[in-house]
Amino acid sequence: MPVATDLPWWKEACIYQIYPASFKDSNGDGIGDIPGIISKLDHIKSLGVDAIWICPMFASPQCDMGYDISDYEAVYPPYGTVDDMERLITECHARSLRVLLDLVINHTSHLHAWFQESRSSKNNPKRDWYIWRPPTYATDGQRRPPNNWRAAFEGSVWEWDEHTQEYYLHYFAPEQPDLNWDNPATRAAIYESAMRFWLRKGIDGFRVDTANLYSKNTQFPNAAVTDLLSPWQPAFELFCNGPRIHEYIRELNQVLGEFGAMTVGELPCTPDVAKVLKYVSEKERQLNMVFQFEIVELGSGIIDRYNTVPRNWELTHLKAAVQQVQCFLAGTDGWTATFLENHDQARSVSRFGCDETPGLRASSAKMLAIFLAGLSGTLFLHQGQEIGMVNAPITWPISEYKDIASINYYNAVKNQTNGDAAALQRAKVGLQHIARDHGRLPMQWDSTFNAGFTEAVQSWMRVHDNYADINVERQNPDAGSVLSFWKSMLRLRKEQADVLVYGDFRIIDESNENIFIYEKKAGDKCAYVVLNFTREVRHIDLHSIFDIGQFKLIAQSSDHVSLNRLDPFEGRLYVKEDNNEAYVPNGI
Ligand code: GLC
Ligand code: CA
């Protein structure tokens, strides 16, 4: 289906992320599914996006919502079948939508046949496909794991296996054993089963899960002790960017090259620009772009992500983080991915805008749409973001949180404090602000029961109480809705792609803690994005910043614009008038 053009399709693309469990249930079992996705492709197309990325829909016991795969070549039965996936690919391509799947190859499920063999005996041919280590012993003779690293979902990264009397490594849950990438046979099997199987079916690329974790520092040095309350120490930085990682990613890129497929890699814990560039520089031939986390991790707790309070960041921090991600556009041969939400993040309106009143919610959702659509790189939109969905309310009990990370964090606090009520309340406040659950709430389609997501009485995850106000059906015909606004922003971004997608980024008012103004420049074309990140009216002298007479206001989040006065959470986009002819994007 791809049409040959000089420029790759993905640079100007907007890619829409789908979380299959929560998108649309077609058969009334309370769980979203692939036929449900197919039934909503016209909605997706109407947004003006170019591709979809579907979170894991593979066979899985769902310990981590499908990021624990037991068979790469099968589909999780409640979601559908491989045939359904083939139909989805065909239906997408018929609408000129490309399809990305999630490539989860740092680990498999403990139920994957490879791991079942590996754990069966020390001399099984697949023993070395995972990472096994003998125990160490303390002076008192107590058995101990090889080091003190804390897993991403709490506890040690090492799990004791009674049967063969060794530990295996798992950076995430014990049900997610890490593959041994140093073994060439393992890599060959991953490429064949997880990648070529789906590439042959015509998919257009992958979102590469935890792309910098595959190569391990096999010395497994202890991490510095930063958490005195726990035997297991935060070690995520030691997980990342191991000695052979670039060799492996280059190899992976060769497999993709066989099919002309694109990649967007997930690159946690790597703020260093030079290190990022090694992955995304065109001449390195590794990944087309990566997700960096400087923006979405703003305000997270340092030792424990959820140990924080709402809005624990300053606007100047956000500016610095944006700079960090946008710097690849000027003077490097790299590329970047632009996003504010995904299935591991809370809702951007609740974090960076304001969800307290319908008015502030809608204006901040529009302001954030301008903010994002003005940034360079490939744009990613998460399901529900287009209608301004918000976090679950604070009144919901902790039992509504389904994510393994939330549950394990809450239980860890409970254990460490003997169930101290104040500590648990703090934990809940942190979770209500940044838990991954918020990005996983069922999609709000209409104002019928359960938001039109499912006909089942019981949805797998509770539907947000606000669905009658915030839903697709209601926003579609309303020219003033967040949904209509996103559609127009995506259209403008394509019309002005030279400056909005490819332009060089510069922050104008670095030290301002209330307003964020940035400039985009491409040759003599220029744009300014002006954003009020507060709930107060702000005054500003725009004339002193740019020659406003030469600029045209092409997007505004407020109904009434008065030049030097910004409404709460108002956003504007100005583009220089001369040279303002429509840009012809490279279409598909
Ligand atoms: C990535 C996924 C996340 C998952 C983890 C382990 O970070 O986005 O959802 O839990 O990898 O696979
Ligand atoms: Ca279903």
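Visitor: In the hairpin of E9 and E10, which residue takes a positive phi?
Guide: Strands here are DSSP runs of E, at least two residues long, numbered from the N terminus. The hairpin of E9 and E10 has four residues between its strands. The one with a positive phi, near 55°, is Gln165.

Visitor: Before we go on, what sort of model is this?
Guide: Residues are numbered from 1 along each chain as its sequence is written, chains are lettered from A and ligands numbered from 1 in the order written, and side-chain values use heavy atoms, with hydrogens and water left out. Local features need pLDDT of at least 70, side-chain atom pairs count only at pLDDT 80 or more, and totals for chains, interfaces and linings use all residues, since this model is predicted.

Visitor: What is the strand order of the open sheet of three strands?
Guide: Two strands pair if DSSP finds at least two bridges between them. E9 and E10 pair over four antiparallel bridges, with Trp158 partnered by Leu169 in E10. Two antiparallel bridges join E6 to E10 (residues 166-169), and Trp132 has Tyr168 in E10 as its partner. The order is E6-E10-E9.

Visitor: Which are the edge strands there?
Guide: An edge strand pairs on one side only.

Visitor: Is the pairing in the open sheet of eight strands parallel or antiparallel?
Guide: The order runs E13-E12-E11-E5-E2-E1-E15-E14, with E13 (289-291) and E14 (337-338) at the edges. Take E1 (residues 14-18) and E15 (residues 378-382), joined by four bridges; there, Cys14 has Leu379 as its partner in E15. The pairing in this sheet is parallel.

Visitor: How many residues surround ligand 1?
Guide: A residue counts as near if one of its heavy atoms lies within 4 Å. The closest are Asp64, Asp209, Glu266, His343 and Asp344. In total, the residues around ligand 1 number 13.

Visitor: What is the distance from a polar side-chain atom of Asp344 to an oxygen atom of ligand 1?
Guide: A polar contact is a pair of N or O atoms within 3.5 Å. The side chain of His107 has an N or O atom 2.9 Å from a ligand 1 oxygen, and for Arg436 the figure is 3.0 Å. For Asp344 it is 2.5 Å.

Visitor: What share of the exposed area of ligand 1 does the protein bury?
Guide: Accessible areas come from the Shrake-Rupley method with a 1.4 Å probe. Taken alone, ligand 1 exposes 310 Å². The protein buries 96%.

Definitions and conventions. Polar contact = N/O pair within 3.5 Å; in protein donor to acceptor, adjacent residues only side chain to side chain.
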